[in-house]
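This briefing concerns the arrangement of strands and helices in one structure. Please consult the sequence and the model shown here before reading on.

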Amino acid sequence: MRVIAGSARRLILKTPKGLSTRPTSDKVKETLFNIIQGDLYGVSFLDLFAGSGGIGIEALSRGASSCVFVDDSKEAVKCIMQNLENTGFSEKSKVISTDVLSSMGYLKDLGSFDIIFMDPPYDKGYVKKTLYEISGYGLLKDEGLIIVESLRDEDFSYLGDLGLKENRRKEYKNNMHVFLGRI
């Protein structure tokens with residue numbers, strides 16, 4: 001896995017060993033960032049279920065002003081810290097080592113975010129729970145964007161209850177990115 005574009009272009013990123021994380025492939029990552037490239041400069045970015053930190057680091061490389069990474073795996077957090085050091089983005093970043101749902105109160109104290117990316121474990125109910133928490137804690141700025149990486153059959157019928165709407169969907173072979181904004 002590597003940084004695709006921007007100031008850290010071509011740098012190799014470490015990934016946690018084992019099957020506990022699913023690094024986003026370079027091809028899918030490139031497609032995602034081609035979609036949001038115009039919205040990245042100077043934004044605050046939140047990378048939930050961060051794994052290696054590859055998505056947040058790509059955002060920083062392409063112009064985001066800051067990124068907060070959240071993951072509960074000690075090995076993932078170690079990889080994120082090493083990747084931030086290697087790319088030179090440590091000063092623009094904060095890494096939180098806890099499970100995402102427990103981090104919400106702390107994240108609220110940091111303010112709201114322009115872009116929130118989340119790639120939770122599939123088929124565990126985390127998408128809905130996390131979106132409810134994001135909404136309840138007011139973590140998304142008014143004109144902000146939430147990007148959810150999930151299986152293609154994920155149910156988003158409850159979005160209106162959260163004051164959210166689906167703006168766009170990009171489907172891949174087995175998964176998809178869903179782009180959400182406020183109603």
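Glutamate 166 has leucine 180 in β7 as its bridge partner. The model is predicted, so local features need pLDDT of at least 70 and side-chain atom pairs count only at pLDDT 80 or more, while totals for chains, interfaces and linings use all residues. Residues are numbered from 1 along each chain as its sequence is written, and side-chain values use heavy atoms, with hydrogens and water left out.

**The sheet**
- β6 and β7 (residues 175-182) run antiparallel and are joined by 7 bridges; two strands pair if DSSP finds at least two bridges between them.
- Helices (H or I, at least four residues) and strands (E, at least two) are DSSP runs, numbered from the N terminus.
- The open sheet has 7 strands in the order β3-β2-β1-β4-β5-β7-β6, and its pairing is mixed.
- β3 (93-97) and β6 (164-171) are at the edges with a single partner strand each, so one side of each lacks a neighbour in the sheet.

**Helices on the sheet**
- Helix α1 (residues 26-36) packs on the sheet and touches β4 (113-118), β5 (140-151), β6 and β7; contact means heavy atoms within 4.5 Å.
- The direction of α1 makes about 25° with that of β7; axes are lines fitted to C-alpha atoms, for helices over the stretch in contact, and angles run from 0 to 180 degrees between N-to-C directions.
- Helix α2 (residues 54-61) lies across β1 (44-48), β2 (66-71), β3 and β4, and runs at about 175° to β2.

**A helix pair**
- Val100, Leu101 and Met104 in α4 meet Tyr126, Lys129, Thr130, Glu133 and Ile134 in α5.
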